Amino acid sequence: MSLSTQHLLGIRDLTKEDISLFLQTAEQFKEVLQRPVKKVPSLRDVTIVNLFFENSTRTRISFELAEKRLSADTINFAASGSSVSKGETLLDTVNNILSMKVDMVVMRHSASGAPHFLAKHIPAAIVNAGDGINEHPTQALLDALSIKEKTGKLEGARIAIIGDIMHSRVAQSNIYLLKKMGAEVTVCGPPTLIPKYIHEALGVNVSYNLKETLEWCDVANVLRIQLERQNQVLFSSLREYNLSYGISRKLLDDLHKEIVIMHPGPINRGVELDSDVADSKQSIILQQVENGVAVRMAVLYLLAGKTPVSNN
Ligand code: CP
């Protein structure tokens, strides 16, 4: 089994078999990460640059950790403090870095399509670590691994994605992945934060009723309100948003079943998620972060052209 692609630009481009291979390989790397010695020599001959043109905590650190666990050589680049501030273009920046013999590029950028542009112009393998409001493929893979671990399945699982769907690359990548793997998906939030034709375009159910959505789902993936990407007022106040679409303890206690709570982070506590929910036993938010390392090890390992792992 091998991947159908040489880059990971988005989930939209992947086959069901690619997704299964990423998840199976991540499960094997999770086993490696339980060992006393968590490091393997798999990418000893590979140099990776992490290009972060936009802020990140979880994704940047877990890519760096995944690279170290695989014994790759790594270079970390942040746009602030670089020659980007002197007007150097994205392509010039990357070509200069590649001339130092770099094999793979992990990139986060605020412009949707930036990694796709790079993939057309440079010879290295590109991993999209989040591009604008387009896709965040490794987040969707780690979310899928977390759902599978918690519920035992993706096919037939009922997943609600709640909140700012309009500005969310996490929502888009999750929807592509979950639909390809046979899950049922409902997006829920205020009408102003849900794209108009999402049902027709992506085959998801749409609900504006939070309580009904929570009664329906097995898992609620709750998203952050992305104020930094909104250039107009889309709801009256954060307080009002919390009252209508925030997940509170009482709301969960009034349901007729126990559901799993997920969030990609960073959390706006008291807005989309109350603290006594985020920190409860129902929440798998920190397991998602933990799974991020194994998933990113799997992505880098497979894109480096290594054969599927059996006895690492
Ligand atoms: N989930 C996620 O992408 O978090 P960061 O922005 O901190 O990387």
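Is C188 buried or exposed? C188 is buried, at a relative accessible area of 0%, where buried means under 20% relative accessible area, exposed over 50% and partly exposed in between, with a 1.4 Å probe and protein chains only.

The model is predicted, so local features need pLDDT of at least 70 and side-chain atom pairs count only at pLDDT 80 or more, while totals for chains, interfaces and linings use all residues. Residues are numbered from 1 along each chain as its sequence is written, and side-chain values use heavy atoms, with hydrogens and water left out.

**Cysteines**

- With a disulfide taken as a pair of cysteine sulfur atoms within 2.5 Å, the count is zero.
- C188 is in no disulfide, since the nearest cysteine sulfur, that of C217, is 9.2 Å away.
- Seen from C217, the closest cysteine sulfur is that of C188, and the 9.2 Å between them is too far for a bond; C217 is also buried, at 0% relative accessibility.

**Aromatic pairs**

- Rings of Phe, Tyr and Trp (its six-membered ring) pair if their centres lie within 6.5 Å, and planes under 30 degrees apart count as stacked, over 60 as edge-to-face and the rest as tilted; the structure holds three such pairs.
- One of them joins F29 and Y301 in an edge-to-face arrangement, with 5.3 Å from centre to centre and 75° between the planes.
- Because F29 lies in helix α1 (residues 16–33) and Y301 in helix α12 (residues 285–303), this pair ties together parts that are 272 residues apart in sequence; helices (H or I, at least four residues) and strands (E, at least two) are DSSP runs, numbered from the N terminus.
- F29 is buried at a relative accessible area of 0%, and Y301 is buried at 7%.
- F53 and F77 form a tilted pair, with 5.4 Å from centre to centre and 50° between the planes.
- This pair links distant parts of the chain, 24 residues apart, with F53 in the loop between β1 (47–52) and α2 (58–69) and F77 in strand β2 (residues 73–78).
- F53 is buried at 18% relative accessible area, and F77 is buried at 15%.

**Sheet**

- Five strands form an open sheet with parallel pairing, in the order β7-β6-β5-β8-β9, where two strands pair if DSSP finds at least two bridges between them.
- β7 (205–207) and β9 (260–262) stand at the edges with a single partner strand each, so one side of each is left without a neighbour in the sheet.
- Strand β5 (residues 158–162) runs parallel to strand β8 (residues 219–222), and four bridges join them; A160 stands opposite A220 in β8.
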